[in-house]
Amino acid sequence: MKSARILLAAAIAATSLSALAYDADWKRGRVYYRSVCTSCHVANPVGSINPSAKTMGDWATYMKADKHAKGKEKVSQYISKTYRDKIKSANKAAEKFADVPDQELSDDIAAFLKKGAKDGDSPASCS
Amino acid sequence: MGYPIIALLAALALGASVPAVSQVPSEAPKPVKLNTTADHTKFKELQRVFASGPEVTKVCLTCHTEAAGQIHRTKHWKWEFLNPGSNQKLGKKNVLNNFCISIPSNYPFCTSCHVGYGWKDANFDFSSEESVDCLVCHDTTGNYKKPPGLAGNPPVKDMELPPGSGKIVKGIDLSRIAQKVGKTSRDTCGACHFFGGGGDGVKHGDMDSSLAAPTKELDVHMDAEGLDFTCGTCHKASSHDVAGSRYTPTAKDTKGAHLRGSTENRNPATCVNCHGKAPHEKAKQSERLNLHANKVACQTCHIPEIARGGVATKTSWDWSTAGKKGPDGKPMLVKDAKGRVIYDSKKGDFTLGENVKPEYAWFNGEVTYTLLGDKVDKSEGVTRINKLGGSAEDGKSMIWPLKVFRGSQPYDPDNKTLVTPHTAGNDDTAYWKNFGWEKAIESGMKVSGAPFSGKVDFIKTEMSWPITHMVAPKEKALGCTECHSKDGRLAGISGVYLPGRDGIPLMDTLGWSAALLTLLGVFGHGALRIFVARRK
C-alpha cells in the first residue's frame, strides 16, 4: 500500500512537471540573438555569425557544451540575468528581457538557432 | 523523507523537466499559457497526420464555425474590390501593375499568397469553406510555407520545385503547425506583404523582411525591443476583415483620436487614430508643427527614407530588355557589386535602391486605375497605372510621400491596351519557359477574356505607392530646410506658398527694406526720446 502511494505521488508529480515544460519562443530568441549576441560580435573582431552558418546539430552541440571564446568563458554567462542586468542600460533587448529566467531565454535562443540553421526550417541571417 | 520529496525525486528520475513544483506556493494559480486561451497541442483532433491544408481547415471549423464565412467576405479571400467612389472593379484579381503585371493565367504562382488552397485557375470555388487557409495567418512556428507554383498549397512532403529543376522543397508537418496556431504577427503578414512584386522588399519599399524584428531606428512602433507592434495593432481586424486599403486609403483623417468603444466606421490604421490631430504637444514650436499637420501627412516628415533595413527595393523594371541569353545560350542573371540581381533574362533590367528618398504629391485618397481594356497612348509618354487624386485646393488632400515605381511593360499597340502575359509556368506558352511574348500574351489574354491583336510593343508606365511604414524616431524626422529650401524635397509641390522655396526677389527686397526702415524708425524714435529727455 505504501509503495503504491509513493508511485502514485511520483506519477502525479511527473505529470505536473511535464505540464510545466517550457515552450520555447523562437521570436524572443531571435531578438536576443540579434540584439545582444550579434551586436557584441560585430563590435568585436569575431564578426557576426549567421544562424545559417551552422547546422542544427552544430548549434545543439554548441549550446550543450556551453563554451564561449574557445572555452575560456561560458555561453550561459552571456544569457544570464546577471549579464543582462549589467548591460541593460545600454542594450534595449537586455532591458526588455531582464526578468526572463535564464533557462527559458537559453531555450528561446536554441529554438531560434535550430530554426535558422543551415539545415533548419528557415535558414536565418543576423539581420 | 516524506512522500512528496520522494515523489519529486522519482519524477526527476523519470526525466521530467525543469521548474521545481516544490517552489510554487500551494495557493498559487496553476501555470498557464498567457498568450492564448486555448492550447491547441491538447486537442486530440489536431494530433494526427494531415495530408493537405483543407484537412486542417475542416478540423479548425469544427470549433471556429463562423471563421471561413467571415474570411469569404474579405479582400484577402476575394481579391476583388468594387471602389464605391469610382465604381472600378479592383482587387488583385483585376488590377495590373508594372511588377509581375497580372494574375490571370499565372494563378498557381500568384495564389501562393492567397488565404486559400487550390486556386489554380479561373474555376476556383470561392464558396468552399475547407479551402480557407487558417494556418497562413495563424502560424506561430514560422515554418509554414506556400511556395509559388502550388496554387496556395503547402508541400506536405519533400518535392522537386519547379519540376525538373533539381531543387528540393522540404515538406512541412501540418500537424505540428496546427497545434501551434496563435495570433497573427509581423512574420505571418510579412510572409506575403514583405515579398510583394516577386521578392523581398521589391514592391513597397516601406515593407520588407527587415520589419520582422526591426530596431527602433527602422520603425518606432514595430521596434522588437520596444513597443513591438504587430501589423494588427494598427490594422485592427474585425470578423477577420483587416482594416486598411490600398484602393480607398484615408489620406486625411479629420476625426481625431479614435476612442475605445466608438462605433464610428472609420479606418483605424491612421496616425491620427492614436496621435490625434495636434500630435506635437511636447515638441519645440509645437504650434507651428501642428499647423503643418493640417496639410502635410505625418509620414512625410517622419519617414525620411524607405528601404532603410538593409533590404533594397526595386525602383524600376524594364520588361522590354527581357529575353537576352548568356554566352552559353541559356537564360542569365546579372548582379551588381552587392550581389543583387539587376538583370534577369526572364524579367529584364531592374534598378534597386536602399535608403531611398520618397517623392511627394498632394493626395486626397482617390485612386483611379488603368485597367485591362482601358485605352493607353504611347505618345503621351508615361501611362500611370494608378493615378492618385489630389490638389492643394480641394480641402481633402495632404502632401504625401510616395514610392514611384517606373517601368516599361508589354502592351498591344493595335488595340492600345495593356496586356496580361502568361509569364510563370512550365508550359510552352509561358514567357519564362519559351521567351516568346506573342505566345505568352495570347495565352494570358485568352484567360483574361480580352482581345489581343497579336502585335507587341512596350510602353512606359508608373505606379505610385503611398508610404506609411518605417516610421523613424522623432529625432530623425525631417528638418525644416529639407523642404523649405530651393530644390528641397517639396520642389515639385504646387499650389502652396513654401517659405524658403518660393521667395520672389522683388517681394523679398521690399519686405526686408520695410523691416529695416521700421527698425531704423524704432531706433531713431528711441534716440530722439533719449536726446529730448536729456535736454530737459
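Residues are numbered from 1 along each chain as its sequence is written, and chains are lettered from A and ligands numbered from 1 in the order in which they are written. Because the model is predicted, local features need pLDDT of at least 70 and side-chain atom pairs count only at pLDDT 80 or more, while totals for chains, interfaces and linings use all residues; side-chain values use heavy atoms, with hydrogens and water left out.

**Stop 1: chain A**

You will find six helices and zero strands (DSSP runs, H or I of at least four residues for helices and E of at least two for strands, numbered from the N terminus). Of its 127 residues, 36% are buried (under 20% relative accessible area; exposed is over 50%, partly exposed in between, with a 1.4 Å probe and protein chains only).

**Stop 2: the cysteines of chain B**

Now select B:Cys113 and B:Cys192. They form a disulfide with sulfur atoms 2.3 Å apart (a pair of cysteine sulfur atoms within 2.5 Å). The angle about the S-S bond is -110°, and the link is left-handed. This pair joins distant parts of the chain, 79 residues apart: B:Cys113 sits in the loop between helix H5 (107–110) and helix H6 (135–138), and B:Cys192 in helix H8 (residues 186–193). B:Cys113 is partly exposed, at 30% relative accessibility.

Move on to B:Cys100, which is in no disulfide; the nearest cysteine sulfur, that of B:Cys110, is 6.9 Å away. B:Cys100 is partly exposed, at 24%. B:Cys274 is in no disulfide either, with the sulfur of B:Cys234 nearest at 6.2 Å; B:Cys274 is exposed, at 64%.

**Stop 3: the domains of chain B**

Colour chain B by domain: domain 1 (39–237), domain 2 (313–482) and domain 3 (506–536), with bounds from an automatic or database domain assignment. The C-alpha centres of domain 1 and domain 3 of chain B lie 72 Å apart.

**Stop 4: helix H14 of chain B**

Finish at residues 437–448 of chain B, helix H14. Its buried residues are B:Trp437, B:Ala440, B:Ile441, B:Ser443, B:Gly444 and B:Met445. Just after the helix, look for B:Gly449, which takes a positive phi of about 70°.

Methods
Expected span 1.5 Å × (residues − 1).
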